[in-house]
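My notes follow the order in which I checked things.

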Amino acid sequence: MTASEDILATDDSWFLMMARYNRWMNEKLYAIAAGLDEQALRCDRGAYFGSILGTLNHVMTGDVLWLKRFAGHEALAQPLALLQEVRAPSRLNDELFDDLPSLWQYRRRLDAALIEMAEIVGGLPPDTVLSYCSMKGMPVRRSLQALAIHLFNHQTHHRGQATTLLKQAGIDPGETDLLMLIPEL
């Protein structure tokens, strides 16, 4: 999706808008990162997850962790079926993919599934509950829509860190604001 495409049609939900923004930003960041050599991708730049690759892996780890939980809800099992292909992270700094091409390949598939999921989540009643176990094995029940908001917020937070790491590598990622995708009326 390019910035000139309308990300938000009048009948789209907030969740769908954020899923499309997620895809747009991931395509942008991964395309830029693909132009870096291995040393630049893996260079520890002092960020919480160290490198550009480490930060992109963390976003994937968070997404996989939460989407595996979302897949436990009957309405979301089908669009999130591809999560069966990847192991559940046991730590927040797990590296699910050790190279950028593999990470990007799965990222594209996951982003497509996220868009399907967002279409469903936006149509669910606001009081829909997601029951899951925390990473410590504790049972939890929370608002599914609020957890989806958390998922998108987490992505945005860490992609902001990735853009800073790219700037440290001498690359300007350009515009990254959601505003760039919201059509003028």
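**Strand β1.** I began with strand β1, residues 129-133, in this predicted model. Which of its side chains are buried? I found that L130 and Y132 point to one face and are buried.

**The partner strand.** I then looked for what β1 pairs with. The partner is β2, residues 139-143, and the sense is antiparallel. I noted five bridges between the two strands. Two of the facing pairs went into my list. Y132 stands opposite V140 in β2. V129 stands opposite S143 in β2. Next I read the turn of this hairpin. Five residues lie between the strands, and G137 takes a positive phi near 85 degrees.

C43 has 32% relative accessibility and counts as partly exposed. How many disulfides does the model hold? With a cut-off of 2.5 Å between cysteine sulfur atoms, I recorded zero disulfides.

**Helix α3.** I moved on to helix α3, residues 52-70. I checked burial next. Of the 19 residues of α3, 18 are buried, so I wrote the helix down as mostly covered. At the start of α3 I looked at S51. A side-chain oxygen of S51 reaches to within 3.4 Å of the backbone nitrogen of L53.

**L76.** I followed the chain into the loop between α3 and α4, where L76 sits. Is L76 buried or exposed? Its relative accessible area is 0%, which means that L76 is buried. I then listed what surrounds the residue. Beyond its sequence neighbours up to four places away, L76 touches F70, A71, M117, I120, V121 and L144. I checked the separation for V121. L76 and V121 are 45 residues apart in sequence, yet their C-alpha atoms are 8.2 Å apart in space.

**D94.** I stayed in the loop between α3 and α4, which also holds D94. The relative accessible area of D94 is 6%, so D94 is buried. What does the side chain of D94 meet in a polar contact? I found the side chain of R87, at 3.2 Å. Setting aside neighbours within four places in sequence, I listed N57, T61, R87 and P89 as contacts of D94.

**Salt bridges.** I searched the whole structure and got seven salt bridges. I wrote up some of them.

- R107 and D63 meet through their side chains at 2.5 Å, N to O. This pair links distant parts of the chain, with R107 in helix α4 and D63 in helix α3, 44 residues apart. I found both R107 and D63 buried.
- E85 and R109 form a salt bridge at 2.7 Å, N to O. E85 is exposed, with a relative accessible area of 51%. R109 is partly exposed, at 37%.
- D111 and R107 form a salt bridge at 2.8 Å, N to O. Both D111 and R107 are buried.

Why are D111 and R107 about one helical turn apart? I noted that they are four residues apart in helix α4, and that accounts for the separation of about one turn. The general rule is that an α-helix has 3.6 residues a turn, so residues three or four places apart point the same way.

**Network.** I asked which residues are linked in a network of salt bridges. My entry reads D63, R107 and D111. R107 is in both of the pairs involved, with D63 and with D111.

How values were computed
Residues are numbered from 1 along each chain as its sequence is written. This is a predicted model: local features need pLDDT of at least 70, side-chain atom pairs count only at pLDDT 80 or more; totals for chains, interfaces and linings use all residues. Side-chain values use heavy atoms; hydrogens and water are left out. The expected span of a helix is 1.5 Å times one less than its number of residues. Buried means under 20% relative accessible area, exposed over 50%, partly exposed in between (1.4 Å probe, protein chains only). A polar contact is a pair of N or O atoms within 3.5 Å; within protein, one must be able to donate a hydrogen and the other to accept it, and residues adjacent in sequence count only if both atoms are side-chain atoms. Contact means heavy atoms within 4.5 Å. Two strands pair if DSSP finds at least two bridges between them. A salt bridge is a side-chain nitrogen of Lys or Arg within 4 Å of a carboxyl oxygen of Asp or Glu.
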